[in-house]
Amino acid sequence: MAYSILKCPVCGTEYNIDRYNYLCDKCGNILDVIQKDINEFKKTDYKGVWKYKNIIHPGLEQKFLITKMEGDTNVYHHTRMSEYSGVKDVYMKHEGENPTGSFKDRGMTVAISEAMRLGFKKTLCASTGNTSAAAASYSAYAGIESYVFIPSKKISKNKLMQAYSYGANIVNIDGDFDTAMTNLKNTLKQRNDFYVLNSINPWRVEGQKTIIYEIMERMKPDFISFPAGNLGNTSAFGKALMEMKEMGTIDYIPRLIAVQAEGASPFYNYINNHEDVLHTVKAETIASAIKIGNPVNYIKAKRSIEFTKGIVERVSDDEIIQAKKVIDRSGIGCEPASAASLAGIKKLRDRGIIDKSDKIAGILTGNLLKDMNTDIEINMLSLEQIK
Ligand SMILES: *Cc1c(COP(=O)(O)O)cnc(C)c1O
């Protein structure tokens, strides 16, 4: 029995999951994993992501499963964050606590397990940093080779160091993330021995749905705010809620807030200006993890925004830096892109869209130690200055 199939969200063409090309033959759009049997929200004895195996990859045999116990991340509340945002009930879920320091691990455990099921020996991804760190780690853990396309002059050294240390073959791309992605698509057209680990891989999206399961079990937020770059999370979060609604697991739909950086906000324009097609931009922001001008998942992401009556907001680099300072000084800490979630909450509160009595879940997508590029001058004390 087939537990899952692949289906094009645009033209509806269906495919067997043994296919490893995730673009539709007919219209070129990115396929969805469709779970054939989602009548029941049944949990397993696994920990973290795979607790929800029943609704992310029910047919996967145990022998293919590659996991580092990702997921089950903590949620933090702090008066500094409440005061800054103007919302008392603001709770930040820290995805930086995952094994390689970002939420990418949740999708990677599912995608790499699928690579094992399909018998691949090599993986490939284009990355602003965190995907390559996760891809390199999980490939090494599974005992297969990884190749990462990286705009190496533009990404955080910490993330590059992770990919290097885990033993990835690092391919230097002269250009930005969008150039790396174009190169990846061209490579995939020419070769069939690479398994793709970017979020064009719909199994990544299945793993990332588990962030929503954990949030909906733990609290009942009115809004869920998160940074948005390539729109994998935006796609995953909406899909999770659509399926939970279908199963009858939830009785209301929280509204998604996808927050883009001003200098990389093509999805913001697409949604808020009601454009027919997404117009790509040349991305520029200090938040390198969301510095993406041509997001691959915008069609699925639009579906998520529509289903949840969601909001797409944008924030300046200054606002991101301010929010990051608040999160860091609360003792929680995150990388720059992650802080866009709190900056977006503040902005929507200031604009009166979020009420001060609303309950908000924010996602901190990456760890504080991920990005040491931001220039800092540390004011150190001498021994005499101790008070
Ligand atoms: C990948 C990443 C993002 C962007 O997520 P998308 O799903 O591509 O929109 C945001 N923050 C961090 C830290 C990331 O690594």
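I count a residue as buried when its relative accessible area is under 20%. The model I am working from is predicted.

**Entry: Phe226 and Phe237**

I looked up Phe226 against that cut-off. Its relative accessibility is 0%, so Phe226 goes down as buried. Phe237 also has 0% relative accessibility and counts as buried. I then checked how the two rings sit. Phe226 and Phe237 form an aromatic pair, with 4.8 Å from centre to centre and 75 degrees between the planes. I noted the pair as edge-to-face, because its planes are over 60 degrees apart. Phe226 is in strand 10 (residues 223-227) and Phe237 is in helix 9, so this pair ties together parts eleven residues apart in sequence.

**Entry: other aromatic pairs**

How many aromatic pairs does the structure hold? I found ten. I placed Tyr147 in strand 7 (residues 145-150), and Phe194 in the loop between helix 6 (177-190) and strand 9 (195-196). The pair therefore ties together parts that are 47 residues apart in sequence. Is Phe194 buried or exposed? Phe194 is buried, at 8% relative accessible area, while Tyr147 is partly exposed at 22%. I also noted a cluster in which ring pairs link Tyr20, Tyr22, Phe120 and Tyr195.

**Entry: helix 9 against helix 11**

I went back to helix 9, which spans residues 232-247, and looked at its packing on helix 11, residues 298-307. The angle is about 50 degrees and the axes are 8 Å apart. That angle makes helix 9 oblique to helix 11. What is the hand of the crossing where helix 9 passes helix 11? I recorded a left-handed crossing.

Next I listed the residues that meet. From helix 9 I have Thr234, Ser235, Gly238, Lys239, Leu241, Met242 and Lys245. From helix 11 I have Lys300, Ala301, Arg303, Ser304, Ile305 and Phe307. Sorted by class, the contact of helix 9 with helix 11 has five nonpolar residues, four polar ones and four charged ones.

**Entry: Ser165**

Last, I looked up Ser165, which is found in helix 5 (residues 157-165). Its relative accessible area is 52%, and I count Ser165 as exposed because the cut-off for that class is over 50%. I also took the separation between the C-alpha atoms of Ser165 and Asn21, and noted 29 Å. The two residues are 144 residues apart along the chain.

Definitions and conventions. Residues numbered from 1 in each chain as written. Predicted model: local features only at pLDDT ≥ 70, side-chain atom pairs only at ≥ 80, totals over all residues. Heavy atoms only, no water. Axes fitted to C-alpha atoms, helices over the stretch in contact; angles between N-to-C directions. Helix = DSSP H or I, 4+ residues; strand = E, 2+ residues; numbered from the N terminus. Parallel < 35°, antiparallel > 145°, perpendicular 65-115°, else oblique. Left-handed = near helix turned anticlockwise from the far one by under 90°. Contact = heavy atoms within 4.5 Å. Nonpolar A, V, L, I, M, F, W, Y, C, P; charged D, E, K, R; others polar. Phe/Tyr/Trp six-rings, centres within 6.5 Å; stacked < 30°, edge-to-face > 60°. Buried < 20%, exposed > 50% of the residue type's maximum accessible area, 1.4 Å probe, protein only.
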